[in-house]
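Colleague: I would like to learn how to read a model of this kind step by step. Could we take the features in turn, beginning with the overall fold?

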Amino acid sequence: MTFDMLLQHMLNGVSLGSLYALIAIGYTMVYGILRLINFAHGEIFMMSTYFAFFGIATFKMPWYVVFVLAILLTGALGMTAERVAYRPLRDAPKISILISAIGVSYFIQNLSIVLFSGRPKAFPQIELFTGMLKMGNIYVQRLTFIIPVVTAVLLAALIYLISHTKNGIAMRAVAKDHETAKLMGIDVNKTIALTFGIGSMLAAVGGIMWGLKFPQIAPAMGIMPGLKCFIAAVLGGIGSISGAVIGGFVLGLGEIMLVASLPDLTGYRDAFAFVLLILILLFKPTGIMGEKISEKV
Amino acid sequence: MKNKKNLYTLISIVLVFLFLVYANKNFDSYQIRIMNLCAIYVILGLSMNLINGFTGLFSLGHAGFMAIGAYTTAILTMPLAVKESNFFLAPMAAPLNSIVWPFVPALLLGGLLSAAAAFVIGAPALRLKGDYLAIATLGFGEIIRILITNAQRVTNGALGLKGIPDTTNIWWTFGIAALTIVFMTLLINSSYGRAFKAIREDEIAAENMGISLFKHKMLAFIIGAFFAGIGGGLLGSLLGTVDPKPFNFMMTFNILFIIVLGGMGSITGTVISAFIVTISMEALRVLDSSINLGFMVIPGITGMRMVIYSLLLIVVIIYFRRGLMGTSEFSWDKAFEFFKRLPLSKGGAKNAVTKNK
């Protein structure tokens, strides 16, 4: 492998990793606060690409307006899912909420097949993002640099929000203990809804970037990224935001490097994430950044 | 009273048998196919309920076990000529291209291989709990599917296998379903079954009572996988073709819906709901095709069936979390109580007392 190729793969890996990180943050936030794998997160990510697609292709709005609208709509969708399907089950056994989440995931996926048809659509290309840059001997999409920068900025904003604002403190309090948080005068339901909203909006940013990078969108596109980003969240230590980012990068880089160095294994690309998941669950179930949680009797 | 109840049971078994004889003769091939599917989903539902409902291990790898069973049965029973025509890209791997097994040993081997896979998967995965276990088993299911897709010379990869002998008929499916029901009932009422339920209720308490968690979890997982493999084998032989695509998470989701609707931890509930879900899934096909009302035509929307279906799962889990039967089983006493409303008859009064407790 020449240096140029290595550089190319590294850049691809970093931008894929940044996308995984953006989506993984949503998983980790929801898991941190509700101890729930939000199976519908991948479908929420998928819907954001459709919102952006229809805004640009059907309503012919400028892209910056569309992106903001798509992000807001996706946030609203995440909060609606929480309100309708998870809140009534807050005191139910964990398995019930998990089943409900699986139901929501399939509902959104099938509804989008009905509404948008199962055939893939071509995501509009925006020159500002998809244009090519020449770097030495290799050509790189501008997006390859834009994605990590956007991820870094959003991550900084999120960390500020969580550690310095009232809402962020409320989120951390609810994640520690619902009952005590309630006693301290925190509106638990509102805080959980906010968490879903923020997680979904980050997934929407990831979704739009994903659509620009891999310009083909379909109702089933959310399944694999959804599963992989959950794996990224577990890898980094579920509940920890910096962990989710690290997990996303490990997964994205690892996947690209595996396929680049061993092309025979291309067919097993999707299996890589699952093998990684099982290894981490066996040897360090709390993930790279996770805290040890002791079991209460 | 006991003799009377046994008599009722015997009569209903005979009635089911007579119905099957009637159905086999008079139903058209589409209806018989649905009947077969019902029985296969009974097997699959029971196998998943043993793991998820009775032992409380939330496992989502069922489709992978089914795939192993389906492929084993298909590969072993296919005639040599069909094998040759299927593998036109690359010839089939050496010993497999020259052997043809009868149906029953192939089906059994499918179940055993699937159980062996469960043994390999379970040893590491069953150390996990709750949703970690769910996602790990889901991952294993996907890995099995990816392996099958890539093992071109054994499974014909993404092209799948066509022309599997259609040995499955109503007697095979209902016979094996009946055997599964009997086996599961005996298992659940044995000391193993009580250990499974104890683990479901409280792992730590169960461990303190001297129940080996790992051994019993493995046992439930392996037995469940065995029957999933058998069910998968029957399904492949019923449909006549297998390919890796249908064995995705959707398949697991269907079976999950059956056990949630029937009640997690109820054998009779699973049986009833397997029939309800399979038949209503076919009935809901109406939604996908256009309906002609004479004066106007409502256009059918492809995929609407699945929307309704997933919506139903959410509604069931939010409003009827116990499902049809919860963790209880059908009994003649309850049936009489339900139909006759005789609170003072022996069975009725006894039930009333237990309910008041």
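**Reading the fold and its contacts**

Modeller: The secondary structure of chain B comprises 17 helices and four strands, and please keep in mind throughout that this is a predicted model. The radius of gyration of chain B is 22 Å, close to the 21 Å that the globule rule gives for 357 residues, so chain B is as compact as a globular protein of that length. Along the principal axes, the C-alpha atoms of chain B fill a box of roughly 70 × 65 × 40 Å.

Colleague: What percentage of the residues of chain B count as buried, and what percentage of the contacts between residues at least 6 apart in sequence join residues at least 24 apart?

Modeller: Of the 357 residues in chain B, 43% count as buried. As for the contacts in chain B between residues at least 6 apart in sequence, 79% of them join residues at least 24 apart.

Colleague: How should I read the crossing of two helices, and at what angle do the axes of α7 and α9 of chain A cross?

Modeller: The general idea is to take the angle between the two axes, where 65 to 115 degrees counts as roughly perpendicular. In chain A, the axes of helix α7 (residues 166-176) and helix α9 (residues 188-213) come within 10 Å and cross at roughly 105°, and therefore α7(A) and α9(A) are roughly perpendicular to each other. On the α7(A) side the contact is made by Asn167(A), Ala170(A), Met171(A) and Val174(A), and on the α9(A) side by Val188(A), Thr191(A), Ile192(A), Leu194(A) and Thr195(A). Sorted by class, this contact of α7(A) with α9(A) has six nonpolar, three polar and no charged residues.

Colleague: Turning to the contact between the chains, how many residues does each chain give, and which helix of chain B supplies the largest share?

Modeller: Chain B gives 31 residues and chain A gives 32. On the side of chain B that touches chain A, α6 (130-150), α12 (249-262) and α15 (304-319) each supply at least two residues, and the largest share, twelve residues, comes from α6(B). By class, that side of chain B has 22 nonpolar, six polar and three charged residues.

Note on methods:
Residues are numbered from 1 along each chain as its sequence is written. Chains are lettered from A and ligands numbered from 1 in the order in which they are written. This is a predicted model: local features need pLDDT of at least 70, side-chain atom pairs count only at pLDDT 80 or more; totals for chains, interfaces and linings use all residues. Axes are lines fitted to C-alpha atoms, for helices over the stretch in contact, and angles run from 0 to 180 degrees between N-to-C directions. Angles under 35 degrees count as roughly parallel, over 145 as roughly antiparallel, 65 to 115 as roughly perpendicular and the rest as oblique. Two residues are in contact if their C-beta atoms, placed from the backbone, lie within 7 Å. Ala, Val, Leu, Ile, Met, Phe, Trp, Tyr, Cys and Pro count as nonpolar, Asp, Glu, Lys and Arg as charged, and the others, Gly among them, as polar. The radius of gyration is taken over C-alpha atoms; the globule rule is 2.2 Å times the number of residues to the power 0.38. A residue is buried if 20 or more other C-beta atoms lie within 10 Å of its own, exposed if 12 or fewer, and partly exposed in between; C-beta atoms are placed from the backbone.
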